[in-house]
Structure formats: C-alpha cells, structure tokens
Amino acid sequence: MMTETELRYAMALTLIPGISRATLCEMLRQAGSAVEAYNRFKTVREDEELSPRLAEQVGLMPQYLDRAGRELEFAESKDIRILTLADADYPSRLRECPDAPTVLYYKGNADLNARHVISMVGTRHCTEYGRDMCRTFLRDLAALCPDVLVISGLAYGIDVHAHQEALNNRLPTIGVLAHGLDMLYPASHKRIANEMVSQGGLLTEFMSGSNSDRFHFVQRNRIVAGMSDATIVVESKEQGGSLITAELAEMYYRDVFACPGRVTDMASKGCNNLIQSNRASLLQDARQFVEAMGWETASAPGAIQRELFVDLSPQEERVVEALSDYEPHGINTLVVQCNIPIQQMLEILLGLEMKGVVKAMVGSQYRLLS
C-alpha cells in the first residue's frame with residue numbers, strides 16, 4: 001500500500017508548472033516512485049535538462065508538499081479516494097495512455113475497471129434526436145450488457161442525458177470533471193451528480209480550488225477517452241469538444257462510433273464527417289454495437305431475451321427459450337421440443353425473423369441472434 005509520504009509527493013509533482021502530463025507520467029514510470037522522481041529533479045543541473053524557470057519551480061516543492069497535505073485532509077473529510085498510477089483501483093485502461101494522470105480524485109462506488117466501459121459524448125446543444133439516441137441505446141445496452149460502465153463529462157446536452165439514461169437503466173455512470181471536487185460545473189447538474197455518487201461517481205485529476213478553465217476541459221476529455229473501450233459521439237457540430245474526445249480515443253487505439261444524422265442537420269455534421277472519413281464506425285443500435293465490440297457473450301442469453309424481447313407471445317417465448325443456447329436448430333427439432341405444429345412453427349419463426357430475434361439459415365435451420 002502506498003505510504004502517505006509517497007502519495008503527497010505524487011500529488012505535489014502535479015502542481016509544478018511546465019511539466020507536461022506525458023513527461024511526468026514517463027518520469028514516474030522510470031523512477032519507480034514519486035519520491036525518487038523528485039530526487040532526480042533535484043540532481044539535474046539547470047544547464048542540462050531543466051530550464052531556469054522550471055528549476056525555480058522545483059525549488060518550490062516544499063510549498064507544493066504543504067498544498068498536497070491540505071488536499072489529503074480535504075479528501076479525507078469528504079470521503080474522496082485518491083488514486084495514483086501504482087494503485088490497483090486506478091483505471092487500468094487509462095494507465096495504458098502515455099499522458100495518463102498521475103493522480104485521480106474519486107468520489108463514488110463504481111468499479112473503474114468494469115468489464116465493459118463506454119463513453120458517450122456530444123454537443124451541448126443537442127436535439128430531440130440526440131436525446132432519443134441516448135435513451136434507446138442505453139435502454140437496449142442495459143439489457144444486453146448490464147455490467148457496462150458509462151462515462152461522460154457531466155456537461156450540458158448529450159453528456160448529462162447519457163448520465164441520466166444510465167441512471168434510469170441502473171447502469172453505473174462516471175462524470176469526469178474539469179475542476180476539483182469542492183464545486184460542480186454546471187451547478188444546475190447538482191441533483192444528478194448526487195445520484196451518480198451512489199450509482200457511479202465523480203472523477204477528476206484536479207485538486208479542490210481548481211477552476212474550470214478552458215484548457216481543463218481538453219485535459220478532461222483525454223480521461224473520458226482513455227478510460228473507455230469505445231467512445232460514442234451521439235451528436236456533434238462540425239467542430240466541438242466531442243470531436244477532440246474522438247480524436248484522443250483514436251490516438252489511444254480505442255474504438256470510435258458515431259450516430260449518423262441527416263446531411264442537413266448541423267448538429268450531426270461532425271458525426272457524419274467522422275463516418276465519411278472512416279474515423280468512426282456507424283452506430284445504429286445497441287445490438288449492432290455489442291456485436292461490433294465482440295461482447296456477444298457478455299451476459300446470460302436467458303436474461304437478455306427476457307428483458308429485450310418484451311413483446312413476445314407465450315409461444316414465441318417458448319421458441320426463443322429453445323434457441324437460447326445460440327446454436328442452430330432444425331425446424332423439426334423445434335417442433336418436437338416446443339410441442340407446436342409445424343405450420344404454426346413456420347408462422348412463429350417468420351414472425352421472430354421479422355422482429356430481428358432469429359435468423360434463418362440453410363437447411364431449415366434457425367439461430368437466435370445475439
């Protein structure tokens with residue numbers, strides 16, 4: 001377990017201006033500890049690697065250590081967990097990124113290393129189409145993958161709708177903030193933020209007292225992208241922060257998806273451009289997404305069909321149950337197993353095929369779609 005001294009040095013190093021996240025991350029990995037990284041700073045002569053300004057900042061390290069100590073007290077009083085790159089609970093996907101945050105401040109109960117993690121981002125000025133995509137996609141995804149963790153930035157528009165729909169469908173959801181955990185921006189999202197703490201959480205790399213500066217949002221976006229298996233851009237204009245998140249996800253070799261919009265919709269122009277330039281896969285629905293990600297076997301088939309296929313008749317339910325092993329079954333086998341006459345079975349299978357529940361295969365074989 002990390003000592004308090006090591007934790008304070010890790011926190012203090014993040015306060016030194018002039019050191020990029022990527023540089024600090026690499027130094028810590030090479031040094032093996034924050035204390036050793038600081039000691040290496042001290043032994044470097046000014047005319048070699050450190051500029052005079054940076055050398056001066058390193059000399060202010062005692063002040064930064066004091067500031068880190070006060071933040072430790074604040075975190076303890078507010079039930080905030082402090083995670084470093086060395087912690088097992090640190091998001092493992094994010095740790096792989098070259099500019100991973102050295103320290104994260106986390107308030108919540110969700111597993112940051114969930115089996116499946118997605119981020120949903122988009123314009124702050126979303127349309128009803130964007131809201132409906134959040135609603136239907138997360139409703140269906142919850143039925144297919146009830147263990148998925150939903151990440152976004154708790155901003156206006158698509159972000160907050162993604163969080164709300166995750167909560168509505170009992171999916172854990174994390175809001176990544178561009179400021180410290182002593183405040184909330186925008187303040188109007190306080191109610192949903194409180195709900196998220198009990199069904200997910202709030203996460204940031206910034207200490208308390210940090211303002212939500214413009215550049216902080218770009219830094220926030222890299223965490224959103226880096227924590228996720230896939231980033232989904234729901235709606236975006238030709239330029240916007242969600243496109244930056246998509247670009248970062250691409251840099252991290254993560255999957256990127258975009259919801260298509262009409263060519264005349266300005267709110268979807270960024271998404272359409274991503275798809276047209278092959279920088280994002282076209283997203284149609286949750287089932288297509290799950291298949292594209294290779295998550296077909298993530299949940300128990302029986303549990304999936306009971307929640308997702310809510311409009312099945314009792315006889316259709318019997319056929320789906322017979323096909324629940326996801327293996328091809330001949331029509332005669334189904335007739336015997338379900339005790340349904342062959343003519344009626346043909347009608348049932350045709351109906352299930354039209355609903356997108358089963359797939360007809362060669363040789364009068366049928367298989368349940370995953």
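1. In which sense do strand β11 and β12 pair, and over how many bridges? Strand β11 (residues 358–361) pairs with β12 in the antiparallel sense, over four bridges; two strands count as paired if DSSP finds at least two bridges between them. Within β12, K359 has R367 as its bridge partner. Strand β10 (residues 329–330) also runs antiparallel to β12, joined by two bridges, and here H329 is partnered by Y366.

2. On the basis of the note: this is a predicted model, in which local features need pLDDT of at least 70 and side-chain atom pairs count only at pLDDT 80 or more, while totals for chains, interfaces and linings use all residues. Residues are numbered from 1 along each chain as its sequence is written, and side-chain values use heavy atoms, with hydrogens and water left out. Helices (H or I, at least four residues) and strands (E, at least two) are DSSP runs, numbered from the N terminus.

3. Strand β12 (residues 365–368) has two faces: Y366 and L368 form the covered one, Q365 and R367 the uncovered one. In a regular strand the side chains alternate between the two faces of the sheet.

4. Strands β3 (residues 116–121) and β4 (residues 148–152) are parallel, with four bridges; H116 has V148 in β4 as its bridge partner.

5. Axes are lines fitted to C-alpha atoms, for helices over the stretch in contact, and angles run from 0 to 180 degrees between N-to-C directions.

6. The axes of helix α7 (residues 128–144) and α13 come within 8 Å and cross at roughly 50°. That angle makes α7 oblique to α13, a class left after angles under 35 degrees (roughly parallel), over 145 (roughly antiparallel) and 65 to 115 (roughly perpendicular). F137, D140, L141 and L144 of α7 meet A286, R287, F289 and V290 of α13, contact being heavy atoms within 4.5 Å.

7. F289 lies in helix α13 and counts as buried because its relative accessibility is 0%; buried means under 20% relative accessible area, exposed over 50%, and partly exposed in between (1.4 Å probe, protein chains only). Not counting residues up to four places away in sequence, F289 touches I118, F137, L141, A230, I232, F257, L283 and W295.

8. Helix α8 is largely enclosed by the rest of the structure, because nine of its 11 residues are buried. The cover over these buried residues includes β3, α7, β4, β5 and α9. After α8 comes R170, with a positive phi near 60°.

9. The largest nonpolar core has 37 residues, and those with the most contacts inside it are M11, L13, M61, I82, Y105, L154 and L202. Such a core is a set of buried Ala, Val, Leu, Ile, Met, Phe, Trp, Tyr and Cys residues joined through side-chain atoms within 4.5 Å. Helix α5 gives the largest share of this core, seven residues. A second, separate core of 35 residues includes L104, A114, V176 and A225.
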